[in-house]
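Morning, everyone. I have one structure to walk you through today. Let me put it on the screen.

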Amino acid sequence: MDDVSFTVKRGETFGFLGPNGAGKTTTIKMLCTLLKPTFGMAVVDGHNAITEPTAVRKSIGIIFQDPSLDNNLTATENLYLHCLIYHVPAKEQRKRMEQVLELVGLAEVKSQVVSTYSGGMKRRLEIARGLLHYPRLLFLDEPTLGLDPQSRSHIWDYIGRLKAEHGITVFMTTHYMEEAENCDRIAIIDHGRIIALDTPASLKREVRNDTIVLTTTDDGRAGEEIKIKYGLDARRGDSCLEVEVADGESFLPELSRGLQTQIKTISLRKPTLDDVFLKLTGREIRKEEASGRDRLRDQARRRRRI
Amino acid sequence: MIDLAAIYSVWLRDIIRSFREKSRFLGSLARPILWLVIMGTGLRPAFQGGGVDYLHFIFPGVIAMTLIFTATQSAISIIWDREFGFLKEMLVAPIPRSSIVIGKALSGSTTATMQGIITLLFAPFIGVKMSPLMIVEVLGLMFLISFALTSLGLVIASRMKSFEGFGTISNFVVMPMYFLSGAIFPTAGLPLWLKSLIFMNRLSYGVNAMRKVILGLGSFPMALDLGFVACFGVAMVGVAVPFCSREG
């Protein structure tokens, strides 16, 4: 990490977005008092993470990137151990355990050994466990990594409810762009530095125009027409035309009325955080995951933009 | 600072786990059978140890062996926890690291003692008679010895990066410790180098104490035995705490 500085507001969902190895987990480790920063300081819920680690630990809940459940124990047993470690009052233990199991929808399988759970269920149980001691701040390190789309959206539902019903501050890392959009604010991090920090909407606004994607009976002619009529460069994509404009909503009806060439389909694409990251770093965030074909297309797109 | 709830939770987890691992209990049945029936019977005719039956002589040794294997195994499980994540859950908890180490040392001692009890059940079959008082004394001794051994295991485990080293540990620590404990042969009349190795080994005093209680014979005074084993255990916990507290 290199000179990173940021503040998370109480009750907000704050996202750390960046490619693998950008320093997201390292930041979480420092905030969770697992790692001492070589320089600088961290204040978590009013406590200094370096000098008062125990106070910090009491007020945070953490869901690690790698599972940290005991697979040979049942869900209830895992939760009970957590109650003991965090000194949840004996009278409250049962109530809280039922409460969190209910929240993540695992109440019916609570007596099963965790090794029989699916990946999504395990992650949900970890979230439940992280909430048992009523933390004021919840850290989630890549909470949906390796989960199927359904489980991922479930997890997002729970995080949304936590915020709405309990006002918990959530600090999370991800390298999924679509997920980062769920955050109130995002810090985009690359090579250990924060390169942008704002709400998803304003990050996207700053960076790039809307794109109108259309297919016509004659793309070549339509392209020339757009150039002459509106002074815009239409890019030839995979059997379609792409036009970048500042205000897509009002340009789309105008274009569909004004174009002589017959339009077959027309659609509006809003900028995504992928575009933001690309613009800021010149790289695709998930380069290592993209297929060869995607990579080629990305490179082509990048060349055109420059 | 001592956090009893945290110590209890670390202990409880290991105990639940050990009850779920049926194979471990099978092992604790097989080991005494192998040693008593095969080794004991095989070496019995060749053994002249001051009028005592060899089967009786190695019986306390076989208990010690059960303790040393189970205790080491329990201690090593902390590496497993590190590799599979559960240790992290404890490391970020608002509890002192010493609670984790003490909890582990106690859970290892408990499981090892339970296995020792299984071995103890073989006593009537080989003709060793024990009074209730003797049984209580042996139980206490087993726990003390196991505590020392688990703590030693924790020190070793905290220095190990992965499981790869486990074979080495068992060849260079566990086996020599067992062979040099006076568990299998009497120390009288041995060459000086071997004798001094045995005297240096803290486990020898544990085995000696157990033999004294069960058979009424031994080479060192009881107070010395207990003192050595207890000090060793406490010292090892003292070393293990800072070792386990390190980051990463």
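Start with what covers the buried residues of H3 in chain A. The cover includes helix H4 (90-103) and helix H5 (119-131) of chain A, together with H1 and helix H4 (86-91) of chain B. One caveat before I go on: this is a predicted model.

How many of the 11 residues of H3(A) are buried? The count is 10, so H3(A) is largely enclosed by the rest of the structure. The buried set in H3(A) runs as follows: A:Ala75, A:Glu77, A:Asn78, A:Leu79, A:Tyr80, A:Leu81, A:His82, A:Cys83, A:Leu84 and A:Ile85. Just after this helix comes A:His87, and A:His87 takes a positive phi of about 55°.

Now the partner across the chains. Helix H3 (residues 75-85) of chain A packs with helix H1 (residues 4-20) of chain B. The angle is about 160°, and the axes are 8 Å apart. Why call the pair roughly antiparallel? Angles over 145 degrees count as roughly antiparallel, and that angle therefore makes H3(A) roughly antiparallel to H1(B). The crossing of H3(A) and H1(B) is left-handed.

Which residues meet there? From H3(A) we have A:Glu77, A:Leu81, A:Leu84 and A:Ile85. From H1(B) we have B:Ala5, B:Ala6, B:Tyr8, B:Ser9, B:Leu12, B:Arg13 and B:Ile16. Sorted by class, this helix contact has eight nonpolar residues, one polar and two charged. A:Glu77, A:Leu81, A:Leu84 and A:Ile85 are also among the buried residues of H3(A).

Step back to the whole interface. In total, 21 residues of chain A are in contact with 20 residues of chain B. Helix H2 (53-59) and H3 of chain A each supply at least two residues of chain A's side. The largest share of that side comes from H3(A), with four residues. By class, the side of chain A that touches chain B divides into 11 nonpolar, four polar and six charged residues.

Next, a look inside H5 of chain A, one of the helices covering H3(A). Take A:Gly120, which is found in this helix. Is A:Gly120 buried or partly exposed? The cut-off for buried is 20 or more neighbours. A:Gly120 has 18 C-beta neighbours inside 10 Å, so A:Gly120 counts as partly exposed. Leave aside neighbours within four places in sequence, and A:Gly120 is in contact with A:Leu147, A:Asp148, A:Ser151 and A:His154. A:Gly120 and A:Leu145 are 25 residues apart in sequence, and their C-alpha atoms are 9.7 Å apart in space.

On to the sheet. Four strands of chain A form an open sheet, in the order E10-E11-E9-E12, with antiparallel pairing. Its edge strands are E10 (234-236) and E12 (263-269), each pairing on one side only. Neighbouring strands are turned by 25° against each other on average, direction ignored.

Strand E9 (residues 210-216) of chain A is joined to strand E11 (residues 241-245) of chain A by five bridges. In E11(A), A:Leu241 is the bridge partner of A:Leu214. Six bridges join E9(A) to E12(A), again antiparallel. Here A:Thr215 has A:Thr265 as its bridge partner in E12(A).

Two helices pack on this sheet. Helix H10 (residues 248-258) of chain A touches E9, E11 and E12 of chain A, and its direction makes about 170° with that of E12(A). Helix H9 (residues 219-230) of chain A touches E9, E10 and E11 of chain A, and its direction makes about 160° with that of E10(A).

Last, the overall numbers for chain A. Its secondary structure comes to 12 helices and 12 strands. The C-alpha atoms fill a box of roughly 75 × 45 × 35 Å along the principal axes. Of the 306 residues, 36% count as buried. Among contacts in chain A with a separation of 6 or more, residues 24 or more positions apart account for 70%.

How values were computed
Residues are numbered from 1 along each chain as its sequence is written. Chains are lettered from A and ligands numbered from 1 in the order in which they are written. This is a predicted model: local features need pLDDT of at least 70, side-chain atom pairs count only at pLDDT 80 or more; totals for chains, interfaces and linings use all residues. Axes are lines fitted to C-alpha atoms, for helices over the stretch in contact, and angles run from 0 to 180 degrees between N-to-C directions. Angles under 35 degrees count as roughly parallel, over 145 as roughly antiparallel, 65 to 115 as roughly perpendicular and the rest as oblique. A crossing is left-handed if the near helix is turned anticlockwise from the far one by less than a right angle, and right-handed if clockwise. Two residues are in contact if their C-beta atoms, placed from the backbone, lie within 7 Å. Ala, Val, Leu, Ile, Met, Phe, Trp, Tyr, Cys and Pro count as nonpolar, Asp, Glu, Lys and Arg as charged, and the others, Gly among them, as polar. Two strands pair if DSSP finds at least two bridges between them. A residue is buried if 20 or more other C-beta atoms lie within 10 Å of its own, exposed if 12 or fewer, and partly exposed in between; C-beta atoms are placed from the backbone.
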